[in-house]
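Student: I would like to go through the aromatic contacts and the overall build of a model. Please show it.

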Amino acid sequence: MGMTITEKILANHSGRTRVAPGESLWVDVDILMTHDVCGPPTVDIFKREFGEDTRVWDPDKLVILPDHYIFTQNHHANRNVQLLREFAAEQALPHYYDVGSPRYKGVCHVALAEEGFNRPGSILIGTDSHTCTSGAFGLFSTGVGNTDAALIMGTGKIWLRVPETMRFIFEGELPPYLMAKDLILAVIGDITCDGATYRAMEFDGKAVYALSMQERMTLTNMAIEAGGKNGVIAPDATTIDYVRARTDAAFESVFSDVDARYFSEHRYDVSTLEPVVAKPHRPDNRASVVEVAGTRLDRAYVGSCTGGKLEDFQAAADILKGQEVVIDTYIVPATTEISQSLHTSSIDGESLWSIFENAGCKMGQASCAACLGGPPDTFGRMQGSEVVISTTNRNFPGRMGSKQASVYLASPLTVAASALTGRITDPRGVLV
Amino acid sequence: MQSIIRGLAYVVGDAIDTDQIIPAEHLVYSLKRPEERRMYGRFAMSGVPAVDQGLPFGNRPFTDPDRYESRYTLIVAGRNFGCGSSREHAPFALAEAGAQVVIAESYARIFYRNTIDGGFVIPFESNEKLNDQIRTGDDLELDTQMGQLTNHTIGQAWLLKPLGDVAAILKAGNVFEYARQAGLIPAR
């Protein structure tokens, strides 16, 4: 019997020819990623367990991307970036992207793609639950805590249980008013927040392969919101083109066998889906935009690893061009590369940056910003009982900084359409 | 792993994510420096909305204002406890507040891993929904070897699910000790 892509990658990295769901393995890690929130405590554990003078197992495989609490006066947050800086210098790490330097990137999951660390067939582990994003490139990626990361830092290894795989097949042609965000919110609404716990989520089908890498990343990014261990999409020409443009590193593409065994199979015809939101306070609290249309809003937010990529801003700008927002609308590019692209990409001769500024949006700097609240001076953070519609990934109580706030998750199209009216608005009524 | 754990219950609902266990704004504190790490005990479970804090009553904070330790030792939760972010600060905060055990219907996997690999709290799974049978403040006793939970306040007992494979890591103390015993990293 065949194996899924997830099973094959885990077998390849544990010296096995085949593995089956349920087995626990020690596997070799190709890339370990950490950031300013979990990096310093990981380093503390690494030194506690392996000694003050220990070297990391392979400096070329450790990527440190400060991104969470960057533009803040909070001295503990700034101290944590300084600790990363010192560790990177001490260990002579080639892949440290320092705040305040031209190398600074921003949101780690998008930066990993841009910098060529997402390589098909590999294993990438990160101290962040949205590390599953990288699986869009046909690799195994998952989030871990500081302890597991510290063990990898010292040994290059992690123990993993082979997950069963759930297969999500998207067929049909995606209508212009839908984005990958609508697809994944529909899936999470169907299977709920723990519907994929301990399992791999494999996305397949013509409609998935018609998506760009940025849109595929939105699908795998939110696998964790259904409890998934990893999200994965087998590589194709689109994947290889993206990766080859960003790295010379060797990699080997891996694919699921035709006779691979799946835990379950879920089919969607994307041409029949409609714009959706996740209502407060759970990502699986799905409603169609039609059902909640008219809900009064205080804010709109476009940003994060989920919804702060260039194509997310292109979608929002399409709707905001020549218009004015009527509620506070925050634009936060995930990375500095995207931030620069907002100046160089244009619609009908006007740059995206200018479209947003002229629409009255508040422009932020590349970072995680208000997606997860953060220190009180974080850009766009909720401070009270605001009702916000956001392209981010989570809406549990307090996620964006205030327990009294209510967060609706939606696609960049739906968020932009709603920013123009101050009420949840169906993008179908705004798109020409 | 301590064989008998007795203390007061703290009861919460379903899908308590790690932002509710420890809100992101507090993650700036060091987990090593004593004057900072105690902040995790102070703010543990502070992200749970007030009406849901300490069921079935509500408005019962896990850690009293301006304190650093909780009066509660055993957390009783519903489904998908610890979902959301991978922050190990979450099980760390529970342990720092003095909690020793979580008993939930189910866990999100990263949180579950973190509790075990870091050796913070023991994550038991119940065979049935218990967060509507146990009330915050009830006097609980857990036999960790037998997996038996007794509620002395109402005189009822339940058998919990066996810990399974992960008991070996809990017994070793954390994943480093487990890896040393398995010969994967050198003994100290």
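Student: Is B:Phe111 buried or exposed?

Tutor: This is a predicted model, where local features need pLDDT of at least 70, side-chain atom pairs count only at pLDDT 80 or more, and totals for chains, interfaces and linings use all residues. Residues are numbered from 1 along each chain as its sequence is written, chains are lettered from A and ligands numbered from 1 in the order in which they are written, and side-chain values use heavy atoms, without hydrogens and water. Buried means under 20% relative accessible area, exposed over 50%, and partly exposed in between (1.4 Å probe, protein chains only). With a relative accessible area of 1%, B:Phe111 is buried.

Student: How many aromatic pairs does the whole structure hold?

Tutor: Rings of Phe, Tyr and Trp (its six-membered ring) pair if their centres lie within 6.5 Å; planes under 30 degrees apart count as stacked, over 60 as edge-to-face and the rest as tilted. Over all chains, the number of aromatic pairs found is 22.

Student: What kind of pair do A:Phe46 and A:Phe50 form?

Tutor: Both lie in helix 2 (residues 39–50) of chain A, 4 residues apart, so about one helical turn separates them; helices (H or I, at least four residues) and strands (E, at least two) are DSSP runs, numbered from the N terminus. A:Phe46 is buried at 0% relative accessibility, whereas A:Phe50 is partly exposed at 21%. The ring centres of A:Phe46 and A:Phe50 are 5.7 Å apart and the planes are at 45 degrees, which makes the pair tilted.

Student: What kind of pair do B:Tyr107 and B:Phe111 form?

Tutor: B:Tyr107 is buried, at 1% relative accessibility. The centres of the B:Tyr107 and B:Phe111 rings are 6.3 Å apart and the planes are at 5 degrees, so the pair is stacked.

Student: Which residue of chain A is in one aromatic cluster with B:Phe81, B:Tyr107, B:Phe111 and B:Tyr112?

Tutor: The cluster includes B:Tyr107 and B:Phe111, the stacked pair.

Student: Which ring does the charged end of A:Arg428 sit over?

Tutor: A charge sits over a ring if NZ of Lys or CZ of Arg is within 6 Å of the ring centre and within 35 degrees of the ring normal. For A:Arg428 the distance to the centre is 5.2 Å, and the ring is that of A:Tyr177.

Student: What is the radius of gyration of chain A?

Tutor: The radius is taken over C-alpha atoms, and the globule rule is 2.2 Å times the number of residues to the power 0.38. For 432 residues a compact globule would have a value near 22 Å, which agrees with chain A at 21 Å.
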